Amino acid sequence: MIVREFLNKSGRKVSTFKNNLPGIDWVNNFVARYKHLLSTRMCQNITKKRAEISTEVITKFFDNIANVLQGVPATNIINYDETNFTNDPGKSRMIFRRGIKYPERVMNFSKTSYSVMFAGTASGELLPPYVVYKGMRLKETWTEGGPHGCRYNVSKSGWFDADTFYDWFKTLLLPFCKNLQGHKVVIGDNLSSHLHQDVFQLCNENNISFVFLPPNSTHLLQPLDVVFYAPLKRKWRETLTNWKKTFGKNIATLPKDWFPRLLSNLLHSINNEVKHNMSMGFQATGLYPLDRERVLRKLRRETTQEDIDTTRNFVSHAVLDKLLEIRSPPTEANNAPKRRKAITLTPGKSHTGPRASTSGSATTQIQKKQGANVRRELQFDKYADDEENELESNDGTDLAVAQDMANPQDEMQEPDKDISKIIVNENDFILVRFKLDGKVQREKFYVARVREQPKDDDCDVMVEFLKKSSDTKKISFVYPVQHDMAAVERENIRLKLTLMSTNRGKHVFTNTMLSRLADTGSLG
């Protein structure tokens, strides 16, 4: 893309490029020519929040922690973090016959995972792990064969919560800290599950400083995340693969009974690397020895106008424009999130979402025509003349298709627009309209039964309202437990209903208008 932008702005056209866009071979040759400057690397994705960590946040953090770590030896600086071990050995390179389309190996895997808390010091000492299973009771077989000093617990979610974190601190970390002389510093992330009042009280009583890392900065400041966990997870996949080739060959998941033994094998396999990886983790994050520049060099520095003016002398405008485009926020006017409105669905029915352009589609024509029919039959105060005009003004082909697709039986007869001609008598069933107040004026319709004979055609009508039953097979209405009586104005009586059947107190009517109102969520 950058090359095409450069060629287009230069007014040049390369015949070997399609639309001035080079192919992959040209890119490979270009990188090979400048291999002393360029290289292809696998990159990892980080969230926008992590990318927004500024130098000010890191600088302020190191200013604060410098006072805390002053005079504290490496043996007394501890970092903790929880991770999970999944039942997935991952992909690996293997030898296959040339030309095979789908190289596969038969090996069970699942989404099962177990949470483990690790903690280590800046001198390279690793504390015993702490395992949390998902469950309500801890079984004895879930603790057999594990690493020396390892502790086990259960939680409802399978992750650490405030109670399990407090238990880990009290049973593993605190005894370790009590054997150390002088001031101790514990560094970790600021998860809400790691906040416990009793933990802070124990820290005050035992000369322990608890330091939380800035939000979204663990990829820069967490020693276990930066160095220790990557080789640990690679060894875990090897350990898991070996188990699946032997004892776990016919086991679909990773049983809790086996996990302690696999965890013990894992830690034994990295025993010679633990001290080096832990100490390198503290060095890479600049926590010990204290060196904030190790972290600041990794941050993306903000591009200033001075940088742009200086760089334009030896970098193409196309490159700078592309970098500014990547770093600039989106400018779409509709980028703000829209209000989420609930859609009322009848059980068993579905909903069609909006299309990019449906003004002339056959489906839209049917919906508009049916909507106009509903308004006419219920005699709304405002008729859908604009919708009818839109139907007539659209392309004749779409309208013909819409009319051909529409079911003739669904067409409704337009009644007399004079509502006063609707004659109601005692015990008649009617459809009553109510206008709802709000930012958008809406209407709700209810089924009611006339309970008193109207004295004349202009007086209000005393009715008893019914409610829609919970029957999902067909639309029916029942009387509520507490009778709902009210006087309604004559102009709000929209339709006289025809009773089809009554079964166990459920009234079913022949009017198809009720089902249409139910589909639109306007029927009460």
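Author: Let's begin with a word you'll need throughout: a residue counts as buried when its relative accessible area is under 20%. You'll find Asn-206 in the loop between α6 (197–205) and β6 (208–212). Setting aside neighbours within four places in sequence, Asn-206 is in contact with Leu-174, Lys-178 and Lys-184.

Before we zoom in, keep in mind that this is a predicted model. The protein has 17 helices and 15 strands. Of its 524 residues, 36% are buried. Take the contacts between residues at least 6 apart in sequence: 66% of them join residues at least 24 apart.

Start with α9, which covers residues 259–269. Its buried residues are Phe-259, Pro-260, Leu-262, Leu-263, Leu-266 and Leu-267. Look down the axis of α9 and those buried residues fall within an arc of 160°, so they line one face of the helix. What do the buried residues of α9 pack against? There are strands, namely β1 (77–86), β2 (113–121), β3 (130–134) and β4 (151–155), and there is also the helix α8 (223–245).

That brings us to the pairing of α8 with α9. In general, two packed helices are described by the angle between their axes and the distance between the axes. For α8 and α9, the angle is about 130° and the axes are 9 Å apart. An angle like that makes α8 and α9 oblique to each other. The crossing in which α8 passes α9 is right-handed. On the α8 side, the contact is made by Leu-232, Lys-235, Trp-236, Thr-239, Leu-240 and Trp-243. The α9 side brings Phe-259, Leu-262, Asn-265, Leu-266, Leu-267 and Ser-269.

Next comes α10, residues 274–284. Here the buried residues are Val-274, Asn-277, Met-278, Ser-279, Gly-281, Phe-282 and Ala-284. They pack against β1, β2, α8 and α11 (293–296).

From α8, the residues making the contact are Pro-223, Leu-224, Val-226, Val-227, Phe-228 and Pro-231. From α10 they are Val-274, Asn-277, Met-278, Met-280, Gly-281, Phe-282 and Ala-284.

One last stop, away from those helices: the cysteines. How many disulfides are there? The count comes to zero. Take Cys-177: the closest cysteine sulfur, in Cys-203, is 7.9 Å from its own sulfur, too far for a bond. Cys-177 is buried, with a relative accessible area of 1%, and Cys-203 is buried as well, at 3%.

Note on methods
Residues are numbered from 1 along each chain as its sequence is written. This is a predicted model: local features need pLDDT of at least 70, side-chain atom pairs count only at pLDDT 80 or more; totals for chains, interfaces and linings use all residues. Side-chain values use heavy atoms; hydrogens and water are left out. Buried means under 20% relative accessible area, exposed over 50%, partly exposed in between (1.4 Å probe, protein chains only). Helices (H or I, at least four residues) and strands (E, at least two) are DSSP runs, numbered from the N terminus. The arc is that of the directions from the helix axis to the C-beta atoms. Contact means heavy atoms within 4.5 Å. A disulfide is a pair of cysteine sulfur atoms within 2.5 Å. Axes are lines fitted to C-alpha atoms, for helices over the stretch in contact, and angles run from 0 to 180 degrees between N-to-C directions. Angles under 35 degrees count as roughly parallel, over 145 as roughly antiparallel, 65 to 115 as roughly perpendicular and the rest as oblique. A crossing is left-handed if the near helix is turned anticlockwise from the far one by less than a right angle, and right-handed if clockwise.
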